[in-house]
Amino acid sequence: MRFSGVFRPKTPQIDMTPMVDMAFLLVTFFLLATTFKTGEVVWVQMPRSVAGLNLPMTDLLTISVDKKGQAYLSMTSPQARRAWLQKHAQVNQITYTEEEYKAFELMSGFGVPMSQLRSLLQTPAEERKRFKQNGIPIKGDKNELADWVILARVTIPRLRIAIKADANTPFRQVEDVINTLTDINVLRFTLITQPKKLEDNAGY
Amino acid sequence: MLDIDEIPNPNRMRRMGKEKGKAGITTDMNSMVDMAFLLLTFFMLSTTMYRPRGMELVMPVPDDAETRTQEVQAVKASQALTFIAMPENKLYYYRGLPTPAGIQSVSYDKTGLRQLLQEFVSETEKPVVLLKPHPDCAFENLVILIDEMNINRIARYAIDKVSEEELALLRAAGIPVPTQ
């Protein structure tokens with residue numbers, strides 16, 4: 001459309017530059033603040049409590065106990081996981097390949113006896129979900145959970161240990177884990193819970 | 001969508017001298033904004049805002065079993081309250097020493113357990129609470145008990161095993177006790 005003379009309407013233009021600036025600033029912030037969630041090795045329904053102790057995002061070893069009382073271990077950072085497996089290999093005189101270390105770095109947690117660890121690591125990542133993990137042996141002739149925890153503490157001196165047990169796990173199973181920890185002189189640990197309001201009833 | 005508004009022609013520039021400050025090139029930022037906000041939304045949603053929370057638990061040194069029993073014995077019976085958590089969300093308690101008549105039942109909710117603890121704390125000097133979860137009770141029950149200790153600011157509490165004597169008392173009171 002052509003207009004003649006002085007009157008020439010223009011489509012209103014908004015300067016988007018500051019908006020782009022702001023949007024990218026926020027993107028950068030979230031990009032740096034994000035820690036990608038890795039798939040949990042086992043899903044547990046945590047009990048609720050009003051306790052408000054924030055757990056650290058690094059240097060944390062979580063012992064998950066599911067409903068059946070099987071124990072799983074997970075360590076927060078990939079670098080720590082690699083160092084942990086290196087210590088484990090050194091102590092037990094096993095050699096792992098670079099691919100196996102990589103697999104362990106990417107795995108958020110595991111729950112297999114030592115004898116099955118290699119086959120778990122060799123399973124392709126997408127098939128690992130179907131790998132039957134029956135928990136880390138606590139009872140029997142060798143308490144492997146204790147060994148793993150000791151190695152983790154050696155690897156990271158300022159490690160925090162947390163127990164993430166299912167609300168419906170029979171106490172005896174959690175007690176086994178707690179006794180394992182007290183036996184190796186880990187006397188201070190955290191029970192992971194879900195937040196609850198003070199006014200809420202316990203639920204019974 | 002790049003508009004080249006004006007060609008920097010010196011003659012023309014002189015003519016348009018009044019309209020200074022106008023850039024020669026304007027870029028349409030709309031698509032860039034779209035993309036930036038798309039990324040922003042993605043990262044916002046993928047960020048784990050949830051941080052795990054927990055309660056700190058400090059266990060006594062296991063080697064000190066002897067000193068611990070002495071310590072427990074040193075507590076006056078009037079200061080002590082013992083909870084026995086049984087399976088199926090049943091909770092029993094007694095004050096002082098275990099007697100057949102002393103064992104009572106209480107519910108886990110705030111009108112039961114919390115009120116009981118509030119009364120106990122207000123009328124007792126230096127209260128001591130013993131938590132004795134039965135091996136078959138749910139883990140949640142112990143968490144609720146520890147939580148109530150923190151809520152009622154009971155600093156002195158300990159987790160212990162249920163003794164045979166206490167189980168016998170429960171059985172005598174007609175409370176079903178699972179056999180090990």
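Me: Why are strand β4 (residues 80-86) of chain B and strand β7 (residues 128-133) of chain B said to pair?

Reply: Two strands pair if DSSP finds at least two bridges between them, and β4(B) and β7(B) have 6 bridges, in the parallel sense, so they count as paired. One of these bridges links Ile84(B) to its partner Lys132(B) in β7(B). This is a predicted model, in which local features need pLDDT of at least 70 and side-chain atom pairs count only at pLDDT 80 or more, while totals for chains, interfaces and linings use all residues. Residues are numbered from 1 along each chain as its sequence is written, and chains are lettered from A and ligands numbered from 1 in the order in which they are written.

Me: What makes β6 (104-106) and β8 (157-159) of chain B edge strands?

Reply: The strands of this open sheet of 5 stand in the order β6-β5-β4-β7-β8 in chain B, with mixed pairing, and β6(B) and β8(B) each pair on one side only. From one strand to the next the twist averages 25°.

Me: Which strands pair with β4(A)?

Reply: Strand β3 (residues 60-65) of chain A is joined to β4(A) by 5 bridges and runs antiparallel to it, with Leu73(A) as the bridge partner of Ile63(A). These two strands form a hairpin with 5 residues between them, and in its turn Gly69(A) has a positive phi of about 90°. Strand β5 (residues 109-110) of chain A is also antiparallel to β4(A), over 2 bridges, and here Gly109(A) is the partner of Ser74(A).

Me: Why is helix α5 (residues 139-151) of chain B called largely enclosed?

Reply: Of the 13 residues of α5(B), 10 are buried, so the rest of the structure largely encloses this helix. Among them are Phe139(B), Leu142(B), Ile146(B) and Glu148(B). Just after α5(B), Arg153(B) takes a positive phi of about 50°.

Me: Why is Phe42(B) classed as it is, with 14 other C-beta atoms within 10 Å?

Reply: Phe42(B), which is found in helix α2 (residues 30-46) of chain B, has a count of 14, which falls between the limits for exposed and buried, so Phe42(B) is partly exposed. Phe42(B) lies 60 Å from Leu169(B), C-alpha to C-alpha, and the two are 127 residues apart in sequence.

Me: What makes helix α3 (residues 98-106) of chain A roughly perpendicular to helix α4 (residues 114-122) of chain A?

Reply: The two helices pack at an angle of about 90°, with their axes 9 Å apart, and that makes α3(A) roughly perpendicular to α4(A). Angles from 65 to 115 degrees have this name, while under 35 counts as roughly parallel, over 145 as roughly antiparallel and the rest as oblique. Axes are lines fitted to C-alpha atoms, for helices over the stretch in contact, and angles run from 0 to 180 degrees between N-to-C directions.

Me: Which residues of α3(A) and α4(A) meet?

Reply: Glu100(A), Ala103(A) and Phe104(A) in α3(A) meet Arg118(A), Leu121(A) and Gln122(A) in α4(A), where contact requires C-beta atoms, placed from the backbone, within 7 Å.

Me: How many residues does each chain give to the contact between chains A and B?

Reply: Chain A gives 49 residues and chain B gives 43. On the side of chain A that touches chain B, α1(A) gives the largest share, 10 residues.

Definitions and conventions. Helix = DSSP H or I, 4+ residues; strand = E, 2+ residues; numbered from the N terminus. Contact = placed C-beta atoms within 7 Å. Buried ≥ 20, exposed ≤ 12 C-beta atoms within 10 Å, placed from the backbone.
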